[in-house]
Amino acid sequence: MDDIIKVMATGTFDIIHPGHGFYLSEAKKLGGEDATLIVVIATDKTVKKNKHIPIIPQEQRAEMISLLGCVDEVYIGSEGDPYEIVKSQKPDIIAIGPDQHFDPETLHNSLLKEGLDVDVVKIRDYKKFELDSSCKIIRKIKHTHFNSNAFDGCDDQE
């Protein structure tokens, strides 16, 4: 029996949109039919430092990603050692998303320096939608003029 290939994908996954699903399903395909897809969610602190204030807390982002059918395991990233989860989970492949600004060769070399021989693959194809990023969704919500009763009942859901 062949060993199951582990593929790791990382991201913020703040407001889930079709690009996230596409990235994760393509990442899993890299490992073949029986691959295990491990997803690492950026911490709230990391998101604030590198992108924007997260809308959705890290635990809720992890829960949403865990509900996607292609995802097998979900972890919240490390604040200290960026390679901590890679070291513990030992993936065969790390998939870089189309909008992530990592050079696969540079990342591969950094991993080698940490004693980690992991293939790094950039997912290049991307299904484009009008709202294909969390930032675009946030911007649209921010600029949408809702009528005065649009949010009636929102607090009643608790």
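Which element gives the largest share of the lining of the largest pocket? That share, 5 residues, comes from H2. The model is predicted: local features need pLDDT of at least 70, side-chain atom pairs count only at pLDDT 80 or more, and totals for chains, interfaces and linings use all residues. Residues are numbered from 1 along each chain as its sequence is written, and side-chain values use heavy atoms, with hydrogens and water left out. Helices (H or I, at least four residues) and strands (E, at least two) are DSSP runs, numbered from the N terminus.

**The sheet**

- Five strands form an open sheet in the order E3-E2-E1-E4-E5, with parallel pairing; two strands pair if DSSP finds at least two bridges between them.
- E3 and E5 (119-122) are the edge strands, each pairing on one side only.
- From one strand to the next, the twist averages 25°, with axes taken as lines fitted to C-alpha atoms and angles running from 0 to 180 degrees between N-to-C directions.
- As a reminder, strands of a sheet pair through backbone hydrogen bonds, either parallel or antiparallel.

**Strand E2 and its neighbours**

- E1 and E2 run parallel and are joined by 6 bridges; Gly11 has Ile41 of E2 as its bridge partner, and Ala9 stands opposite Val39.
- E2 also pairs with E3 (residues 73-76) in the parallel sense, over 4 bridges, and here Val40 stands opposite Tyr75.
- 6 of the 6 residues of E2 are buried, so this strand is largely enclosed by the rest of the structure; buried means under 20% relative accessible area, exposed over 50%, and partly exposed in between (1.4 Å probe, protein chains only).
- Both faces of E2 are covered, with Thr36, Ile38 and Val40 buried on one side and Leu37, Val39 and Ile41 buried on the other.
- Together, E1, H1 and E2 make a right-handed β-α-β unit: with the strands pointing away from the viewer, the path from the first strand over the helix to the second runs clockwise.

**The largest pocket**

- The largest pocket has a volume of about 1300 Å³.
- Its lining counts 46 residues, and Thr10, Gly11, Ala42, Thr46 and Phe102 lie nearest the centre.
- A pocket here is an open set of points on a 1 Å grid where a 1.4 Å probe fits, with protein on both sides within 12 Å along at least five of seven lines; lining residues have an atom within 4 Å of a point.
- By class, the lining has 19 nonpolar, 19 polar and 8 charged residues.

**Loop residues to look at**

- Phe13 sits in the loop between E1 and H1 and is buried at 2% relative accessibility; its phi is positive, about 55°, although Phe13 is not a glycine.
- Lys90, in the loop between H4 and E4, also has a positive phi, about 50°, and is exposed at 58% relative accessibility.
- For context, most residues other than glycine have a negative phi.
- Ile16 is found in the loop between E1 and H1 and is partly exposed at 34% relative accessibility; Ile16 and Arg61 are 45 residues apart in sequence, with their C-alpha atoms 8.3 Å apart.
- His101 lies in the loop between E4 and H5 and is exposed, with a relative accessible area of 80%; the C-alpha atoms of His101 and Lys122 are separated by 9.9 Å, at 21 residues apart along the chain.

Conventions:
Grid points are joined across faces, edges and corners, and a volume is the space filled by probe spheres set on the points. Ala, Val, Leu, Ile, Met, Phe, Trp, Tyr, Cys and Pro count as nonpolar, Asp, Glu, Lys and Arg as charged, and the others, Gly among them, as polar.
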